[in-house]
Amino acid sequence: MTPLTETGWLGPSGALMAAPAIGFAFGWFLERGGLGSAPKLAGQFYLTDLTVFKVMFSALLTAMLGAFWLDRLGVLQLQLVYLPETFALPQAIGGALFGVGFLIAGLCPGTSCVAAATGRRDGLGVIAGMLLGVGLFNMAFAWIEPLYSATPMGAIRLTDLAGIAPGTGIACLTTVALTGFVVAGRIERRPR
Amino acid sequence: MTRLHLFLAVVAAVMAAAAGAADLASPVESRASGAPAAFIAAPDLADRIVNGDARLRLFDLRPASAYEQFHIPTARRAAPAELAAAPLGSGADVVLYGDDRATVSDAIRVLRTRREATVQVLREGVSEWLGRVHEPRLAVDATPEERAQFERAAPLSRFFGGVPLAGVPRSEVPTGYWTGTPRSEELLEAAALQSVAMIRRRGC
């Protein structure tokens with residue numbers, strides 16, 4: 001039955017109508033999670049506030065376990081869910097750039113929209129910078145393209161690389177995440 | 001840590017342990033839904049057709065009307081369910097193409113239950129065939145690599161009754177996975193929908 005857009009239950013119009021609702025819910029949960037605040041997000045890098053880590057890993061665990069079990073129960077056709085291709089070098093460079101931008105601005109693309117929606121001018125500033133970056137990227141694309149498409153690895157998963165079953169990978173990652181939650185709590189509580 | 005956090009952590013741990021145990025008891029590889037099928041590029045498919053590859057079984061999953069209008073030579077039309085009983089022969093290399101990923105995915109699932117054939121997918125279907133085999137285009141300022149690709153594609157295009165176009169303006173040579181400009185309104189619409197889907201899936 002699902003994913004609804006791929007199995008034809010939800011046509012292009014339905015998908016377009018569902019997108020704002022999902023986007024609104026995403027933004028609302030980010031804001032309620034405290035991720036509209038730049039100081040809180042920057043706290044991640046100084047190990048004073050690990051909310052980002054906890055919120056993101058909670059979401060990751062929920063999605064991962066949910067997708068696995070819904071597929072197992074026959075509700076979700078997991079092979080229809082788009083798996084983005086990996087381009088190791090450009091994505092590593094992009095990740096580093098993203099991290100630098102995150103640290104400088106205190107916001108990422110999603111949280112900058114949340115911040116702007118709550119009236120924060122720093123959010124508007126980050127959105128403006130993001131749009132400027134999009135424009136520059138497009139203008140320089142011919143020059144960047146060799147790097148953009150370098151080191152293609154296809155649509156691979158960590159479990160494929162490790163040569164283990166998806167369920168085993170899920171068990172390992174859940175153990176890492178739960179241990180991480182405990183460690184994060186201790187780091188936040190340590191005296192300064 | 002609150003009681004709610006502790007409860008959720010226990011739920012996650014139990015579900016994760018069960019996921020590991022479920023895969024050990026019933027590996028994913030043995031299930032029909034399995035890993036994504038491999039893709040085959042249109043020029044590679046064309047080579048196999050030209051060479052009369054006896055192991056190749058090509059199936060068109062689109063509606064009968066679309067098949068009647070145009071189909072890739074040697075392709076047989078089939079609905080996903082019909083593939084359960086289609087004669088393949090042991091060791092066959094099945095190649096599928098269709099209009100939507102759901103249909104192709106259903107067909108892959110059906111074929112995987114038979115375990116007697118490898119399955120590949122022509123990713124962009126008829127649009128890719130038309131763009132890369134039937135009407136390959138060479139830009140007026142083509143690079144040596146593009147020229148080499150075109151020289152490979154041109155004889156294939158003529159073999160299948162197509163028209164290779166050389167010396168076209170750069171702006172009329174699309175870049176990306178499939179090249180060539182589909183001329184009919186239906187194909188333009190299909191290409192646009194594919195582009196929209198790609199953009200949607202690449203969102204942050």
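At what angle do the axes of α5(A) and helix α6 of chain A cross, and within what distance do they come? That was my starting point today, and I kept in mind that this is a predicted model.

**Entry 1: two helices in chain A**

I looked up the pair and found that the axes of α5(A) and α6(A), residues 121–139, come within 7 Å and cross at roughly 135°. Angles over 145 degrees count as roughly antiparallel and 65 to 115 as roughly perpendicular, with the in-between ones being oblique. So α5(A) is oblique to α6(A). I also noted the handedness: α5(A) passes α6(A) in a left-handed crossing.

Next I checked who touches whom. On the α5(A) side I wrote down A:Pro109, A:Ser112, A:Cys113, A:Ala115 and A:Ala116. Their partners in α6(A) include A:Leu124, A:Val126, A:Ile127 and A:Met130. A:Asp122 and A:Gly123 of α6(A) are also among the residues that meet α5(A).

**Entry 2: helix α1 of chain A**

α5(A) turned up again here. I went to α1(A), which covers residues 12–32 and has 21 residues. From its first C-alpha to its last it reaches 30 Å, close to the 30 Å expected at 1.5 Å a residue. Which residues of α1(A) are buried? I found A:Gly14, A:Ala15, A:Gly27 and A:Leu30. The cover over them includes α3 (51–72) and α5 (109–117) of chain A.

**Entry 3: chain B as a whole**

Reading along the sequence, I got α-β-α-β-α-β-β-α-β-α-β-α-β-α. Chain B has 204 residues, and 43% of them are buried. It exposes about 11100 Å², with carbon and sulfur atoms supplying 60% of that. I also looked at contacts with a separation of 6 or more in chain B: residues 24 or more positions apart account for 70% of them.

**Entry 4: one arginine in chain B**

Last, I picked B:Arg101, which is found in α4(B), residues 101–112. Is B:Arg101 buried, exposed or partly exposed? Its relative accessibility is 33%, so it counts as partly exposed. I also looked up how B:Arg101 sits relative to B:Arg123: they are 22 residues apart in sequence, and 9.1 Å apart in space, C-alpha to C-alpha.

How values were computed: Residues numbered from 1 in each chain as written. Chains lettered and ligands numbered in written order. Predicted model: local features only at pLDDT ≥ 70, side-chain atom pairs only at ≥ 80, totals over all residues. Heavy atoms only, no water. Helix = DSSP H or I, 4+ residues; strand = E, 2+ residues; numbered from the N terminus. Buried < 20%, exposed > 50% of the residue type's maximum accessible area, 1.4 Å probe, protein only. Contact = heavy atoms within 4.5 Å. Areas by Shrake-Rupley, 256 points an atom, 1.4 Å probe, with all protein chains shown as cover. Expected span 1.5 Å × (residues − 1). Axes fitted to C-alpha atoms, helices over the stretch in contact; angles between N-to-C directions. Parallel < 35°, antiparallel > 145°, perpendicular 65-115°, else oblique. Left-handed = near helix turned anticlockwise from the far one by under 90°.
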